[in-house]
Amino acid sequence: MSFFRKKQMFIFLIGIIIVIGLIGYSLQDRSKRSLPEQFISDTVGFIQQGVNIPIRYVKTFFSNISNVKDTYNENKILKEKVSEYKTLLYDNQILEEENEELKKLIAQQDSLHEYDSIQANVIARSPERWLHQVTINKGADAGVEANMAVITADGMVGKVLSVSHNSSTVQLLTGFDEFNRIAATIKRDDKDVYGVIEQYDEEREALLLKIIEESDSDLEKGEVVLSSGMGGVFPSGLPIGEVEEVIPDQYGLTKTALIKPAANMYAIHHVIVVDRKLDTTDGEEEEIIEDEEEDNEEKDDEE
Amino acid sequence: MKKALIPLSLLIVLALQGVAIEIATSFTSMQDVYIIAHWVLVFVICISLLFDSESSYYGIVYGVIFGLLIDIVYTDMLGTYMLGYGLTMFILQGVKHVFFTNIYTTMLMVAVGIMVADLFIHGIYAMVGIVDIPFWVYVWTRLLPTVLANLIFLIVLYPFVYRRFPRWRMEYTDGK
């Protein structure tokens with residue numbers, strides 16, 4: 001009996017050592033999962049996707065019923081809007097052509113604004129709700145990489161945290177801490193406001209935007225905050241949220257704006273993973289060098 | 001073939017609990033009350049109470065293995081659920097012989113088990129710095145709703161397993 005107790009104690013101690021090792025290992029900053037982790041999350045993701053197919057049918061059925069009720073009124077309003085949009089469309093086409101021509105003139109291929117989109121569905125949410133993570137059904141095979149921005153039709157919802165072959169984990173904005181910053185901007189006619197979104201404040205239920213460069217006029221409630229693309233990872237122009245309130249920071253030197261996220265973090269179904277066309281800053285440096293060489297050659301030609 | 005049924009259903013429960021949380025959040029959008037699905041733990045406690053014989057440790061073993069799987073799939077911080085579930089099952093292993101197994105004692109065991117596991121996991125997260133809220137706020141907004149919601153899952157699960165598990169145990173021990 002005493003031998004058995006000793007054995008139990010022994011196993012218990014070894015268990016604790018293993019666990020502490022595992023926690024230490026996982027607290028490292030790692031964007032790519034190890035092979036067994038990828039295999040397991042792909043397997044579970046596969047089951048979840050299977051379960052999600054009938055659920056999605058039921059969901060769409062119920063939402064269809066509630067939609068039918070409002071259809072008539074919505075239809076009226078939408079018809080009016082469509083006629084507005086037609087003129088907008090022509091404007092847009094003209095502007096786009098003009099934009100392309102201008103870009104050709106200055107020999108600029110891609111801008112910070114352009115991106116490829118990867119459509120995905122949310123298949124599960126982490127039961128550990130402290131972490132604010134959801135699983136989506138596209139992974140490395142579809143071209144998803146860590147740190148890509150994830151948006152819905154309303155606006156930004158988060159960024160890709162880790163990637164497996166056929167599924168990946170998304171960190172929602174509500175779970176952003178000081179290690180996940182977004183360079184953000186508020187567009188003004190005269191002078192744009194620049195800032196960095198530092199973290200999500202759970203008590204105030206808002207993102208904290210630390211304003212770096214102020215404009216002359218104060219921020220107003222309801223102004224739209226966009227990503228600026230200066231952080232080197234996300235494209236510019238993704239809507240993040242609206243200004244709710246502006247507060248001074250604890251030393252009174254800078255101002256912090258409280259931003260209400262534009263997208264609803266609690267009802268996400270279809271998302272778009274955004275792949276910025278312009279190389280991200282941690283891309284290979286060789287390409288940059290090659291580009292420079294090309295530029296030099298062009299200059300030589302001109303001379 | 002039958003031997004694979006328990007791990008297989010555990011894997012499906014593991015996958016379903018993430019889907020269930022996603023559906024629950026999208027329907028209710030309750031933002032003040034946080035419910036964490038510990039379905040795997042509920043299932044493992046049922047295994048421990050109904051399937052384990054006096055000398056077998058399936059409960060602890062499945063607790064540790066599927067705790068680790070939860071860590072891998074859902075949390076990205078390995079080891080917390082593994083140790084939390086393992087420890088909980090270890091404690092229950094010592095306590096369970098006191099009671100005669102029926103639905104009420106199972107409910108009691110599940111409630112206590114989830115409290116132990118969730119407190120432990122919350123403790124580790126608080127230590128690492130992921131969570132930072134006062135203890136009593138945690139108890140009222142997260143721990144109690146979590147226990148209640150998981151008891152509902154137990155009530156749904158219990159009719160499926162309370163005859164089946166003892167029968168499987170008999171088949172296993174006869175086969176040996």
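Predicted model: local features only at pLDDT ≥ 70, side-chain atom pairs only at ≥ 80, totals over all residues.
A:Asn147 belongs to the loop that joins strand E2 (133-136) and strand E3 (149-151) of chain A. Its C-alpha atom is separated by 8.2 Å from that of A:Phe234, although the two residues are 87 residues apart along the chain.

The contact between the chains comprises 32 residues from chain A and 34 residues from chain B. On the side of chain B that touches chain A, at least two residues each come from helix H1 (5-28), helix H3 (58-75), helix H4 (80-95) and helix H5 (103-128). The largest contribution to this side is that of H1(B), with twelve residues. By residue class, the side of chain B that touches chain A contains 22 nonpolar, ten polar and two charged residues.

Within chain B, H5(B) packs against helix H6 (residues 135-161), with the axes 9 Å apart and at an angle of about 140°. Angles over 145 degrees would count as roughly antiparallel, so H5(B) and H6(B) are classed as oblique to each other. Their crossing is right-handed. Residues of H5(B) in the contact include B:Ile103, B:Met107, B:Val110, B:Ile114 and B:Asp118, and those of H6(B) include B:Tyr138, B:Leu143, B:Val147, B:Asn150 and B:Leu154. The contact of H5(B) with H6(B) is made up of twelve nonpolar, four polar and one charged residue.

Conventions: Residues numbered from 1 in each chain as written. Chains lettered and ligands numbered in written order. Contact = placed C-beta atoms within 7 Å. Helix = DSSP H or I, 4+ residues; strand = E, 2+ residues; numbered from the N terminus. Nonpolar A, V, L, I, M, F, W, Y, C, P; charged D, E, K, R; others polar. Axes fitted to C-alpha atoms, helices over the stretch in contact; angles between N-to-C directions. Parallel < 35°, antiparallel > 145°, perpendicular 65-115°, else oblique. Left-handed = near helix turned anticlockwise from the far one by under 90°.
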